[in-house]
There are 2 protein chains.
Amino acid sequence: MQIAIQGELGSFSHEAALRMANGLEPGNSGSEDIQIVPCFHSPDVFRLVVEGTVDAAVIPIENSLAGPVAEHFDLLLKEEVAIESESQLRIRHNLIGLPSATLARIKRVSSHPVALAQCRRFLESHPEILAVPFYDTAGSVKTVIEKGELSAAAIASRQAADHYGAHILAADIEDNAANFTRFFLVRRADLVRPDREADKVSLAFTVENRPGTLVEALRIFAVEGTNLTKIESRPVQGRPWQYVFYVDYQMATAASADTILAALRRSCSMVKELGRYRSAPMNFDNQTN
Amino acid sequence: MQIAIQGELGSFSHEAALRMANGLEPGNSGSEDIQIVPCFHSPDVFRLVVEGTVDAAVIPIENSLAGPVAEHFDLLLKEEVAIESESQLRIRHNLIGLPSATLARIKRVSSHPVALAQCRRFLESHPEILAVPFYDTAGSVKTVIEKGELSAAAIASRQAADHYGAHILAADIEDNAANFTRFFLVRRADLVRPDREADKVSLAFTVENRPGTLVEALRIFAVEGTNLTKIESRPVQGRPWQYVFYVDYQMATAASADTILAALRRSCSMVKELGRYRSAPMNFDNQTN
């Protein structure tokens, strides 16, 4: 099974992809032969899925502290893909250096800006270490290893340290332990395998640009007694202050989800169901071994 | 009148602040003596307002292409400030160099990543120019002038070129003309001057973590026949998959806004009205002279 991810090998997406493809997450069956295909840009990840070059992609959709990955919402809407399953990873950050490095000698740490921001307390307690933004967490480990500087470190997952043969100098340095990222496994829309235990629906809609239309659409969820768990909005390109709304809700039955979809289609200018899948539990214990 | 902004002098926030303080935007009265106080970090902007060091702050809240400025939503909720007025600036990007620079000799352009992304077509038609991310649009102009390199350029507003005595090498290079940013003028909550012509309300709320509570809150807007114009969500720090919802709606009367506020207070675990203000028209003609 070939799975595309955005970012370098050893990233949190890599870890989520392995867990999902290995059947460690609900709603996923195991696969013996897993190949991860890293891509620099997210549009390429989706393109590989749509073209059929890979079987699936695993993408982060939101972090419980930093919020949504906006570009992935946009791409879920734009591309002919659907969500097959969901997983949640506990994000643990580690200070990672060369195998022979020591914490006392680190002068510079690079990582993705979000990771740096999530380790503020550790960085404040080490004012001798300069934080430098980098494009990717796992990529920062790769670069530390390639450059071979004993004074340089990265912030990334344990998986990244293992992957590049690097050393963890300080573990679990994130400020807030309630740090989770939701991932979706997406396939080409016509290849998604339905999950009979699906209990959650993600969909996107736009409303016509006249007064009251958003409330009218939301009323549909209210009338059906739906448990909305999430609303997100993204701008419509080229139409100032018009939005695509992204909604997650708990599905009572497939029939009720069909009713909601039909009602939205009557009321909204655009509706796309992004997937019906099983809601993932929080994995508090991933990355600990 | 002292107004704090995030970013360097010559930024889009600077321009919005001058337009609002000069009474060029509805709901603002003119001020003779305007002093702009630039801050590197947004939390400092809000701190200066709350401490009373400045009279007001002008902050971007969302761009019609890039979406919300998440940090400013968080700070509006956290700090004891309120929105007094709104304005909308048409964002025009320009390639800016030294007074003696020419477009043909430019090899490198720096700007904020969002500005670079919004000028993709121009950059694609000039493959000889390397794009380099920088922390601030106006700051990139400042740096070009300080370094004095004829091959270096920045992407920023006409205001920034004027402010730093730089030269516009190519005007209006943004991909999409439907590029607007909404700004708020915020004051300390106890110093906000009510606008009797206010027709728009921004508020934030959280709901209890049990099924159906979000739909229950949204039903309040539906029952009142409200014209919701916007819903945004932001994660609650430390409580995975709980959200603060930010809503804008058209206010029928002050009494109806009071009714909605009271109903939300009964239903929600937290409600904060962020401001009642006059909705701003789109300024298609700003920055053209």
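**Strand pairing and helix packing**

Analyst: In strand S9 of chain B, B:Ala152 is the bridge partner of B:Arg108. The model is predicted, so local features need pLDDT of at least 70 and side-chain atom pairs pLDDT 80 or more, while totals for chains, interfaces and linings use all residues. Residues are numbered from 1 along each chain as its sequence is written, chains are lettered from A and ligands numbered from 1 in the order written, and side-chain values use heavy atoms, without hydrogens and water.

User: What makes S7(B) and S9(B) a pair?

Analyst: Two strands pair if DSSP finds at least two bridges between them. S7 (residues 108-111) of chain B and S9 (residues 152-156) of chain B pair in the parallel sense over 3 bridges.

User: Why are H8(A) and H9(A) called roughly antiparallel?

Analyst: Helix H8 (residues 213-223) and helix H9 (residues 254-267) of chain A pack at about 165°, with axes 10 Å apart. Angles over 145 degrees count as roughly antiparallel and those under 35 as roughly parallel; H8(A) and H9(A) are therefore roughly antiparallel.

User: Why are H2(A) and H3(A) called roughly parallel?

Analyst: Helix H2 (residues 42-51) and helix H3 (residues 70-78) of chain A pack at about 30°. H2(A) is therefore roughly parallel to H3(A).

User: Which residues of H2(A) make the contact?

Analyst: A:Ser42, A:Pro43 and A:Phe46 of H2(A) make the contact with H3(A), where contact means heavy atoms within 4.5 Å.

Technical notes
Axes fitted to C-alpha atoms, helices over the stretch in contact; angles between N-to-C directions. Helix = DSSP H or I, 4+ residues; strand = E, 2+ residues; numbered from the N terminus. Parallel < 35°, antiparallel > 145°, perpendicular 65-115°, else oblique.
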